[in-house]
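Here are my notes on this entry. Please read them with the structure open.

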Amino acid sequence: MVPWVIGLPLIGAAVLLVGGRHTDRWGPYLATLLPGLSFLLSVILFLHELGAHDKSHVSHLYTWIDAGRLHVGADLLYDQLSSLFLLLITGVGTLIHVYSLGYMAHDPRRRRFFGYLNLFVAAMLTLVLAENYLVLFLGWEGVGLASYLLIGFWQHKPSAAAAAKKAFVMNRVGDMGLSLAIALCFVTFGSTSFAVVSHGVAHASEERMTILGLLLLLGACGKSAQLPLQAWLLDAMEGPTPVSALIHAATMVTAGVYLMVRSNFVLDVAPGARTAVVVVAVVTLLWGAIIGCAKDDIKKVLAGSTMSQIGYMMLAAGLGPAGYAFAIFHLLTHGFFKANMFLGAGSVMHGMTGPDGEGDVDMRHYGALRTAMPVTFLTFAMGYLAIIGFPGFSGFWSKDKIIDAALHEHWYVGALALLGAGITAFYMTRLMLMTFFGERRWLDGVHPHESPKVMTGPLVALAALSVLGGLLLLGSWIQDYLEPVVGAPPEDSSGLPAWFASVLTVLVVACGVALAWLLVGRRPVAATSPQQVAWPVTVARHDLYGDAINDTMVVAPGRRLTGVLLSVDRYGVDGVLTGGPFAVGALAGVFRRLQNGYVRSYALSVLGGGLVIVLALMVVNWQ
Amino acid sequence: MSDVTPYLVLSAILFTIGCTGVLIRRNAIVVFMCVELMLNAANLALVAFSRQHGNLDGQVAAFFVMVVAAAEVVIGLAIIMTIFRTRRSASVDEASLLKW
């Protein structure tokens, strides 16, 4: 049954992309139905396994590679970790498909769009169901391909094409890390299977495991938009909004976190790599949050927020057995509320479509939308309360647990995570105030209206999940459920009571909200972004100069290196090959002057030749 | 057996004159005449050696040379005529188009 979970969306993608124009009419509906069936299968599998004792089982499809010592089977592993991912990917994925039926209703290329969406879901399912790193890599690359196709879906826009290329290239850097990690696995353990590797780590040297952990982290950084490979995520907003929701909530960026948690056996024996994960995660979560504060583009605020929230998950993964389960927990709740908010943002853009047919993303043109779009507002508000960690909502439980675990690890890691929570509250409140409250700043010819039911339906479902996602923690359910995969969390050793972190978090969040109210809510919002701003704002508006850093550190030296190699090739390698013929040609140019057309000079040559022969004969016959 | 040295000396002198003419004169007719002079110098040498050796081989060879020279004159004069018709000149230096 497990292969069918992947197979259904894959069939959908094949039918839509190969079938061509014939499927235009019914293709999108088929593409929505198949992930839905996949979701049903996942639910059945989940309920079925819930009662069983041994929940993990491997299904061997066929032998994929059998060469020398390398045996790789196309094996799928269904266990607790993949079961949760299956539910998230197919569930949220299906809702996004339904939403897209409304959002992309008037796009002439929507069949292709749905084909790509199905491909995306199928690739992500392959990734989380893989039993060895190589099959995981297959899904990993599939996700990269699908994201490239979808980010650049509106390929007539040069910015979209560039954004897609950027995402693809930056992902390649991370993929290099992952492929090296796979090679290292094979060299060390003779296999890439999770089971073999997890048994082998105990006997491997810590040094090698640290290298393996760092390579895996590089891979995760690329896919999950963590520093230093974060720059593609903000540009990826060029894609249609449902794609952003899919990338940020259910697929793609969660792959890095999945990889980290799945490789928990490696991280457990490599404290150095774990420290690196924590450092990357903390820097990223602050980096993304700061970017989110300065953007006027509603989707870019949410993109910065995703970076930041993924940072929380990576942080939890870096904390070791104390955090793995919470990383997954936050990943699930984040999947709910971020999909909710992205689709909500799409709904707002849909409502704010101007006379030119382009959805407006500038929050400075919004304001007072709570009356015009009540359903979108209410559902978005649920997502908002969840992400800032309002007590009782899903984000409260998940983020709180991560901050708590971070405080146990090191007080300064916890403090930075707390600071991140405060900034999150600030920028999300700013977004809410600028979009749904205040006075109307609508442009001429824009008539905000509520979106059709096919779009608000998924919003309501996701809003409900955003509110209730915390139930997974009831009685430490998720920790117990994931324990066979990620190991038991250590006993609490710090003196801090459990409520301490919660109270602290709520206080910091309240400060963030209050600050946003003071700076944004009380004052009228300018219609264009003010140019006279303090330097931190300028820096944040430029994504903390992430692109400039990449350009000077990587792109420019790379270009110079290419230039040097090119001249070596042109003058060195080519020079050797063309030098010989050139020398012959030059010599011939000198000697052909002898052929001057004057008969007398030829006659002289003949005479000279004759004399030489006669003299030679005389010398030879000299007695 | 008579001494043929004077004949050979005369042959060498004639050959040298002809050779020098071919090398330094520009008029095609004169060059041609010099070529004939060289051929006849060779004939003289052949006949002289024939006399010295007392057989007829050299004389037979001289006849062959004469035949070749006659054929050569026919073709050579025709070429010179054609060149003169097109270029209005019989200078060998003018006809130097066939080169690099």
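**Notes on the predicted model**

1. Chain B reads α-α-α along its sequence. The count is 3 helices and 0 strands. Bear in mind that this is a predicted model.

2. The dimensions of chain B deserve a look. Its radius of gyration is 17 Å, whereas a compact globule of 100 residues would come near 13 Å. The C-alpha trace spans about 55 × 25 × 25 Å along the principal axes.

3. Burial in chain B: 12% of its 100 residues count as buried. As for contacts between residues at least 6 apart in sequence, 47% join residues at least 24 apart.

4. Turn to chain A and one helix pair. Helix α15 (residues 324–351) of chain A packs against helix α20 (residues 453–468) of chain A at an angle of about 150 degrees, and their axes are 8 Å apart. Angles over 145 degrees count as roughly antiparallel, so α15(A) is roughly antiparallel to α20(A). The crossing is left-handed.

5. Which residues make this contact? From α15(A) come A:F336, A:F337, A:A339, A:N340, A:L343, A:G344 and A:S347. α20(A) supplies A:M455, A:P458, A:L459, A:L462, A:A463, A:L465 and A:S466. By class, the contact has 10 nonpolar, 4 polar and no charged residues.

6. Is A:V121 buried or exposed? A:V121 is buried, because 34 C-beta neighbours lie inside 10 Å. A:V121 sits in helix α4 (residues 110–129) of chain A. Leaving aside residues up to four places away in sequence, A:V121 touches A:P9, A:P35, A:I89, A:G93 and A:T251. A:L246 is 125 residues from A:V121 in sequence, yet their C-alpha atoms are 8.8 Å apart.

Terms used. Residues numbered from 1 in each chain as written. Chains lettered and ligands numbered in written order. Predicted model: local features only at pLDDT ≥ 70, side-chain atom pairs only at ≥ 80, totals over all residues. Helix = DSSP H or I, 4+ residues; strand = E, 2+ residues; numbered from the N terminus. Buried ≥ 20, exposed ≤ 12 C-beta atoms within 10 Å, placed from the backbone. Contact = placed C-beta atoms within 7 Å. Axes fitted to C-alpha atoms, helices over the stretch in contact; angles between N-to-C directions. Parallel < 35°, antiparallel > 145°, perpendicular 65-115°, else oblique. Left-handed = near helix turned anticlockwise from the far one by under 90°. Nonpolar A, V, L, I, M, F, W, Y, C, P; charged D, E, K, R; others polar. Rg over C-alpha atoms; globule rule 2.2 N^0.38 Å.
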